[in-house]
Structures are given as C-alpha cells and as structure tokens.
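Reader: I would like to learn how to read a few features of a protein model. Please take them in turn and show me each case.

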Amino acid sequence: MGGDVGGQRVTEAVASAVAVLRPAVDRDWTAVKPAGMEWTVHETAFHICGCLVSYAANLAGGAQDDYVPFDITLDEGTDNLGLLHVLETGGALLAAAVRTAPREARAFHPSPFRSANRVGFAAMGVAEVLLHTHDIADGLGLAYEPPAHLPEYVLTRIFPEVQPGPDAWRTLLWATGRGDLPGRAPRTGWRWSNNLVLPTERLTLQGVTPASAAELAAGGDGDFVWVEDGPFEGTREAAGMTIKAYEAGVHRPEFGLFVLVRREDGRAIGGMGFHGAPDEDGRAEVGYDLAVSARGQGYATEALRALSDWALARDDVRSLCATIEPDNAASQRVIARAGYSRATVAEEHAYGETETGLRLYVLPGRAG
C-alpha cells in the first residue's frame, strides 16, 4: 500500500511540474535565477532530475553508508524540452523504485537519522519536485500550485514537527522558508525528518509518522503488516496521542510512538514509545504493549532496553519512568528486566503525582 501510493504521488508531482513548465520551454532558462537562489532556472530543474535519479538509485541499490557515487549529465545541446523529458524519466525511475522496494527496505539519506524507507524516499522526491518547481515558476513569472494532497503527503511523512495549517501548500512553503503564515515566525533554517529506526537482535523499532499514526488511530494498519491479533488497543491509543501532539505543533518524532517489527517475518507485534518529549529536568515517560500472541517471548524487554539505552545516551534525557498497574505482573517483570526499579518516595515526589492506583518505576541516567 505505502509503496503504491508513494509511487503514484511521485508521478503526480512530476506531472504537475511538467504541466506548468512546458509552456515556457522556449525561454532562456539559463538567464534567469529564482529569487534568493544561486542556481539558474535551468540548474534548478536539473537539480530536481538529479535528486529523483539519486533517490531511485539509493533505494533500489540499498545504499547504506553514503550516497551511490555517481551523478547524471545532460548530452550536449539538450534543450529545455529535453530537460523536461529527463525530469519525467527521473520521476518514473523513482516511482518504480518506490513501488517495488520491499516494505522493510531502508537506504542512506543523511537527514536526520541516516536512512529512509520507501515512503520517505517518495516524500523526499515529491518535496524536491514541488518546492523547486515553485522556485522555477516564481523565477519565470508563472503561477504554480500543486494539488493539495501532494504537500499534505510530504508534511505528514517528513515534516512531523510542523503543525498542520488550514492550507497544506502554504504550510509547506512556510516550513521550507518560502513563505509566511499568519501567527508563525518566518523560518530561516529547516530540514525534513525521516523516521527513526532502532535495531535490536530480533526487532526493529520503527518511528511512526503522523500519516501512519492517523491510520492506526482510525483502526487501520498504519502501513505495517500486523500479526493476526494486532495492533493491541494501547498502540491505537498511543497513535491518537501522536496525532493530538502533531496537530498541536508539539510533536517531536524521536519521542513519539514506535512500532515493533520482527526481523524474521516483517510482522508488527506491538507499540512502544514516549508519552512526550522530556521535561525541563530531562524526565520522560515510556509505555508499551504487545499483541497477545507475541507475549512471553522477551520481545518487550528487548525493545525497552534498546529504547531506554538510546534515550539515556542523549543530552536532553536524564531519567525515564513508567507507570504500571499493581496487578500487571507481566509488565512488572518486563520493566524490571529492562533495569527499572520501583520509585522511592523522593523519586515519586520529583516526578509528581501518579495516576491513582498505578505504581511508578524509574530508570536513572548518568549523574551530573
């Protein structure tokens, strides 16, 4: 599903770009620079082509440590119409790579966690096309506005920290320093964000995008292949919390929901994550659940250790906590095996009032 939709979105984005640029092919694209850019219109269009081909190559080739080391060139004498044909071809290559890539495939991209999946590459490709077509059209004095579902596709997959606005296209332009939004300060620096994935011996913890969270909260699969009795209700509730944080503009994706996926069969077995970003004292709360069929096999402990180690290695996290019902012996065993211990009176006071009937468990980080 994710690959088919992503491939279609790439195709639609390229078609929207070609439609607005084709009437201007007789103009000199080397003599015009979009406002605020060093590239000419011709160089900007060629940059889009290079990005599409590069993304297709990295995803198809499974690049892991760096970009595939090659570039594209134009034959001497290629005119603007020929350049648009290269653009269409690059889009076709990326769309095909996205559609045919395995669900679990990831390949190199530096921003910000050094990899992206097929949906991430599709969203990045669409972003390159939409944003730079805007730049080109602006330089040539052409009107351009893509179909609204295309910028929305980008925002909900690789701009998870950007609060959605009433107009997805103008929100994306604002998010990338290309426009203003009422009530929001101009953006002078930005980057998109592919989802974080944390590996363990038997699992991968895969960060959930706002798009996937919305599907999970609505009763869908979130573009994961679940075991027959999954996802459990706690994962859907956590997805709903993710959407609320996203809509409020306070979502930090690395402190959101992760889906636990088994390496052996690619099946999603549960959810784990944070109740929000760490507070000013560096405290963050974790939560988790598993489908019933996946319990009793050590998966939750394995995942919680990995997530806790990752969090406590950060400068902004000083300690972690979890709240558990007194009669949930299985969850208490998981939390103990992951290194957490029952909170002391002083720790309970520091963390504040716990919901009535729940026990607080704490995992301190490094001192100082």
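Reader: How do I describe helices H2 and H3, and at what angle do their axes cross?

Author: Two packed helices are described by the angle between their axes and the distance between the axes. Here the axes of helix H2 (residues 41–61) and helix H3 (residues 80–100) cross at roughly 25° and come within 8 Å. Axes are lines fitted to C-alpha atoms, for helices over the stretch in contact, with angles from 0 to 180 degrees between N-to-C directions. Helices are DSSP runs of H or I with at least four residues, strands are runs of E with at least two, and both are numbered from the N terminus. The angle makes H2 roughly parallel to H3, a term for angles under 35 degrees.

The model is predicted: local features need pLDDT of at least 70, side-chain atom pairs count only at pLDDT 80 or more, and totals for chains, interfaces and linings use all residues. Residues are numbered from 1 along each chain as its sequence is written, and side-chain values use heavy atoms, leaving out hydrogens and water.

Reader: Which residues make the contact of H2 and H3?

Author: Contact means heavy atoms within 4.5 Å. Among them are Phe-46, Leu-52 and Leu-59 of H2, and Leu-83, Leu-87 and Leu-94 of H3. The residues of this contact divide into 17 nonpolar, 4 polar and no charged. In this scheme Ala, Val, Leu, Ile, Met, Phe, Trp, Tyr, Cys and Pro count as nonpolar, Asp, Glu, Lys and Arg as charged, and the others, Gly among them, as polar.

Reader: What is the volume of the largest cavity?

Author: On a 1 Å grid over the protein atoms alone, a cavity is a set of points where a 1.4 Å probe fits but cannot get out; lining residues have an atom within 4 Å of a point. Points are joined across faces, edges and corners, and a volume is the space filled by probe spheres set on them. The largest cavity has a volume of about 90 Å³. Of the 15 residues lining the largest cavity, the closest to its centre are Pro-160, Asn-195, Leu-196, Val-208 and Pro-253.

Key:
Angles under 35 degrees count as roughly parallel, over 145 as roughly antiparallel, 65 to 115 as roughly perpendicular and the rest as oblique. On a 1 Å grid over the protein atoms alone, a cavity is a set of points where a 1.4 Å probe fits but cannot get out, and a pocket is an open set with protein on both sides within 12 Å along at least five of seven lines; lining residues have an atom within 4 Å of a point.
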